[in-house]
Amino acid sequence: MQEQIYHLQFAMDTFYFLMCGVLVMWMAAGFSMLEAGMVRSKNTTEILTKNVALYSIACIMYLICGYQLMYQGGFFLSGMTELDVDATLAEFAGREDGFTGDSIYAGASDFFFQVVFVATAMSIVSGAVAERMKLWAFLVFAVVLTGVIYPVQGSWTWGELPVFGLYDLGELGFSDFAGSGIVHMAGASAALAGVLLLGARKGKYTADGKAHAIPGANMPLATLGTLILWMGWFGFNGGSVLKLGDMANANEVAVVFVNTNAAAAAGAIGALILSVVLFRKADLTMVLNGALAGLVAITAEPSTPTPLQATLFGAIAGCIVVGAIIGMDKLKIDDPVGAISVHGVVGLFGLLLVPLTNSDSSFSGQLIGAATIFVWVFVTSLVVWAILKQVMGIRVSEQAEYEGVDRSECGVEAYPEFVSSVK
């Protein structure tokens, strides 16, 4: 009877892990729709191509070397699909707490859940460099980020390996439940490095330094993308509990879902109110980014705050992202979708919130962890972008940018019956 219970609980946790991974994979559609809505119509096909291609590259590179590098400190997978049933059952039977302790699930389900996180980090880069980057330069960078850069910093955090053998972030009190820093701030750091070398879109900033708004082509699509991301985030945070097969963990999953939803809702409302105060208009793009900011902020620790605290954290994050987007424009950092503000600035904010509700973490540990992630990802990304700039170029020609990268990079317009690619 006990053996049957172990089989059932192993199957339950594996299935839960896989379904949460499916929800996170669906976030690829959310990023695609959000970015397609926030860019001009003449750049839509290329942004969609990038999102499908980067997801595919992430899956292949993480399979070839990323997963092993992140969790074993080496290259190439071995034994991921193998399962010794007798040894696993013996491990269950030898534990005093039965199956109520740490999770035990199929190794392949862990890989699947992790690989969709890698793709999420790369998706953040896609929106920030939109409308002026060469497609193939972007895809080459995706190979390096998903295969090496992301896994190395992941090995220091979730992989629990010392940073270059020098210090252990976990021992210093660093904690990042589902990846505000490890996934979101890492993606934003890589994006920032690319944007700095790439430069702003033509016409974005006037001669006197003022920002000129370049509206996206499809707000319904951007809204749909945000809601898809909101839905997928339940898998992102909920799956990071890593377990469902006992009452305590099932309750924790429910708490994580409630807090994730509360933070997103409050982020949207916070951004809405602040945009009305600042602009005298209900800016939809700020509302959408506010919801995403709330989600990013709660991702670092969605299991320990009360729902009221999660709501407060989300509302503050929604206000922060509005200010960050305005600040980026003042610095002439052109980010068409606000990705660096949402995932980078708010990702850091989310990390700093953790010690308020999780006593196992510390502010110093969070700061050291955030600095480690940022320095590694930003510097290595800057080097890779610089090499690509010298070898193959990273920016399309001025004429191609004017006509739209759909025509020059893909040869297919997204809306050929309704618009001209020349604007």
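Does Leu172 count as buried, partly exposed or exposed, and at what relative accessibility?

Tutor: The model is predicted, so local features are described only where pLDDT is at least 70 and side-chain atom pairs only at pLDDT 80 or more, whereas totals for chains, interfaces and linings use all residues. Residues are numbered from 1 along each chain as its sequence is written, and side-chain values use heavy atoms, without hydrogens or water.

Leu172 counts as partly exposed, because its relative accessibility is 34%. Buried here means under 20% relative accessible area, exposed means over 50%, and partly exposed covers what lies in between, for a 1.4 Å probe and protein chains only. Leu172 belongs to the loop between α5 (135–156) and α6; helices are DSSP runs of H or I with at least four residues, numbered from the N terminus. When neighbours within four places in sequence are set aside, the contacts of Leu172 (heavy atoms within 4.5 Å) are Tyr167, Ser362, Ser364, Gly365 and Ile368. Phe363 lies 191 residues from Leu172 along the chain, and the C-alpha atoms of the two are separated by 9.6 Å.

Ser189 is classed as buried because its relative accessibility is 2%. Beyond its neighbours within four places in sequence, Ser189 touches Phe374, Val377 and Phe378.

Helix α6 also packs against α4 (residues 107–128), at an angle of about 35 degrees and with the axes 8 Å apart. The axes are lines fitted to C-alpha atoms over the stretch in contact, and the angle, on a scale from 0 to 180 degrees, is taken between N-to-C directions. The crossing of these two helices is right-handed, that is, the near helix is turned clockwise from the far one by less than a right angle. On the α4 side the meeting involves Phe117, Thr120, Ala121, Ile124, Val125 and Ala128, and on the α6 side Val183, His184, Gly187, Ala188, Ala190, Ala191 and Val195. By class, this contact has 10 nonpolar, three polar and no charged residues; Ala, Val, Leu, Ile, Met, Phe, Trp, Tyr, Cys and Pro count as nonpolar, Asp, Glu, Lys and Arg as charged, and the others, Gly among them, as polar.

Gly127 is another residue of α4. Gly127 is buried because its relative accessible area is 0%. Apart from neighbours within four places in sequence, Gly127 is in contact with Glu35, Asp335, Pro336 and Val337. Between Gly127 and Ile47, 80 residues apart in sequence, the C-alpha distance is 7.9 Å.

The account now turns to α8, which spans residues 247–279 and contains Val256. Val256 is buried, since its relative accessibility is 0%. Its contacts outside four places in sequence are Phe177, Asn237, Gly238, Val241, Pro302 and Ser303. The C-alpha atoms of Val256 and Phe234 are 8.0 Å apart in space, while the two residues are 22 apart in sequence.

The length of α8 agrees with expectation, because its 33 residues at 1.5 Å a residue should span 48 Å and its end C-alpha atoms are 48 Å apart; the expected span is 1.5 Å times one less than the number of residues. At the start of α8, the backbone nitrogen of Ala248 has a side-chain oxygen of Asp246 within 3.1 Å.

Two loop residues beside this helix deserve mention for their backbone angles. Most residues other than glycine have a negative phi. Leu242, in the loop between α7 (219–238) and α8, has a positive phi near 75 degrees, and is partly exposed because its relative accessible area is 30%. Arg280 follows α8 and lies in the loop between α8 and α9 (284–299). The phi of Arg280 is about 60 degrees, positive although the residue is not a glycine. Arg280 counts as exposed because its relative accessibility is 63%.

Finally, Phe313 is part of α10 (residues 307–330). Phe313 is buried because its relative accessibility is 8%. Beyond four places in sequence, Phe313 is in contact with Ile298, Pro305, Phe349, Leu353, Leu356 and Thr357. From Phe313 to Gly199, 114 residues apart along the chain, the C-alpha separation is 33 Å.

Technical notes: A polar contact is a pair of N or O atoms within 3.5 Å; within protein, one must be able to donate a hydrogen and the other to accept it, and residues adjacent in sequence count only if both atoms are side-chain atoms.
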